[in-house]
Structures are given as structure tokens and as C-alpha cells.
Amino acid sequence: MNRIETKERPTILDRVESFGFRVFDEPNFDLNIIGVRRMSNRQHNEFDDAIHVCYRMLDFWVEEWGPATTDPGSYWLTKPDYKPCAIYYHPQQARGAYQIGFHRGNSSHECLKQVRPVKFWRDSNKDEHADYAGFVHKDLIGLNIHRSSTRPEGSHFVDKYSAGCQVFKYARDLKRLIELCKLQIEHHPNWAKEFTYTLISEE
């Protein structure tokens, strides 16, 4: 992931607060995991969003981020016989909704696994256009935070990698997120081993 250190709190956290969401600021790996959905000049089926991780150390802040998708790939959006319908994750702060686990039970694909209900839209019209509207569902349906291909260059297109999950383009960025989550557990052993994911739109 890209990484910067600063004495000032990262400005993305001001935007998180502007939606009424909480910012976590205890010293030493109190993680703010934030998805940012691109709203202008969107490219269908590409990793044109980002996932940020912000945390405070003793006397400075760190912000890390990598390219990702917060939207489903074209494969699931347009598949005529996919009856569950592709899913768009609704902007929200999903408090304690994730734990370290394995994506679809695959022990070689560590991820942040959904363990509490989150909000989402279903898109059933079988086109590639984002439909951020309609009835808002809330359920526990396996909307994990994981990676695309293990190739160093990742996957160029989202395609099958997301039917609604939040997906990093590069496996190394997911690996770094899991490392940070484990550091939070190590530094705060009395905290619940759960992680909050916040999804916001770009400015």
C-alpha cells in the first residue's frame, strides 16, 4: 500500500466525521478502515476506488491506501442466470462487522470476513450501470474484504472477483491490511477481535 506519516490527523478522517461516523484515535494501531467510492468519471469493471487505513501512533498519524473496488464486477452484474443479483455496498460505518478469516473457506486466502449484518442494495437489471438506489437491505451474506488475483500485477478487471465484496486490486495490499489488523490485536489484547469498515463517497 501507499503510505504517508504526518503530525496532523489525515484529512480523510474529517470527511468520515462529516457523515456522522466515528473516528478511532487511540494510540498504536486503532484502525480506521475506509473505503472511498469514486463517483466521477467511473470506469465500469475497474479497480477505480480505494481502501484506506488510518491509525495514530504515539506522536504521529499514518495513512496507508491501495486501489480497490467497492462495486461488483461486470460478470455478476450482467450474468442472466445469476438470481441473487449483484450487490452494491451501501455507504455506512459497519461497526465490528469484520474479523480475520478465510474468503469462502479458502485457507490460502486470508481476508476480513463479514460477521455482522451490513447494508446494501441489490441490482437486478443486468446492465453495467451502478444503481445506488432502491430498497436498502441489511444482512449477513459474506460481503468480505479480500483480494483479486495473486499475480504481482493483480487483475486489470474486477469481473468475477466481486459480486458485492470490497476487493483490493493487489494481493500485497490485502496482506498489509491483515498485518495491520493483527498489530491492532497484538497492541490491544483486551479489545474484541473485530474491525469496523466505513464506506464513503469521494468529495
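The legends below describe an overview and several close-up views of a predicted model.

**Figure 1. Overview of the protein chain in the predicted model.** Three helices and twelve strands make up the secondary structure of the protein chain. The C-alpha trace spans about 55 × 35 × 30 Å along its principal axes. The radius of gyration is 16 Å, which agrees with the value near 17 Å that a compact globule of 203 residues would have. Of the 203 residues, 49% are buried. Among contacts between residues at least 6 apart in sequence, 64% join residues at least 24 apart.

**Figure 2. Surface and charged side chains of the protein chain.** The accessible surface comes to about 10,000 Å². Carbon and sulfur atoms account for 48% of that surface. The protein chain carries 28 positive and 29 negative side chains. The centres of these two sets are 6 Å apart.

**Figure 3. Aromatic pair of Y88 and Y132.** The structure holds seven aromatic pairs, and one of them is formed by Y88 and Y132. The arrangement of Y88 and Y132 is edge-to-face, with 5.2 Å centre to centre and 85 degrees between the planes. The pair links distant parts of the chain, 44 residues apart: Y88 belongs to strand β5 (residues 86-89), and Y132 to the loop between β8 (118-123) and β9 (137-139). Y88 is buried, because its relative accessible area of 2% is under the 20% cut-off. Y132, with a relative accessible area of 23%, is partly exposed. Together with W121, Y88 and Y132 form one aromatic cluster.

**Figure 4. Aromatic pair of Y98 and Y197.** Y98 and Y197 also pair edge-to-face, at 6.2 Å centre to centre and with 80 degrees between the planes. Y98 is in strand β6 (residues 92-102), whereas Y197 is in strand β12 (residues 195-201). The two residues are 99 residues apart, and their pair links distant parts of the chain. Y98 counts as buried at 1% relative accessibility. Y197 counts as buried as well, at 1% relative accessibility.

**Figure 5. Positive phi at F29 and R104.** Most residues other than glycine have a negative phi. F29 is not a glycine, yet its phi is positive, at about 65 degrees. The residue F29 is found in the loop between α1 (12-18) and β2 (32-37). F29 is buried, with a relative accessible area of 10%. R104, likewise not a glycine, has a positive phi of about 55 degrees. R104 is found in the loop between β6 and β7 (110-114). With 75% relative accessibility, R104 counts as exposed, because this value is over the 50% cut-off.

Figure 6. The C-alpha atoms of D139 and K119 are separated by 6.8 Å, while the two residues are 20 residues apart along the chain. Neighbours within four places in sequence aside, D139 is in contact with Q114, R116, P117, V118 and F120.

Terms used. Residues are numbered from 1 along each chain as its sequence is written. This is a predicted model: local features need pLDDT of at least 70, side-chain atom pairs count only at pLDDT 80 or more; totals for chains, interfaces and linings use all residues. Side-chain values use heavy atoms; hydrogens and water are left out. Helices (H or I, at least four residues) and strands (E, at least two) are DSSP runs, numbered from the N terminus. The radius of gyration is taken over C-alpha atoms; the globule rule is 2.2 Å times the number of residues to the power 0.38. Buried means under 20% relative accessible area, exposed over 50%, partly exposed in between (1.4 Å probe, protein chains only). Contact means heavy atoms within 4.5 Å. Accessible areas come from the Shrake-Rupley method with a 1.4 Å probe; for residues, only the protein chains shown count as cover. Lys and Arg count as positive and Asp and Glu as negative; His and the chain ends are not counted. The place of a charge is taken as NZ of Lys, CZ of Arg, CG of Asp or CD of Glu. Rings of Phe, Tyr and Trp (its six-membered ring) pair if their centres lie within 6.5 Å; planes under 30 degrees apart count as stacked, over 60 as edge-to-face and the rest as tilted.
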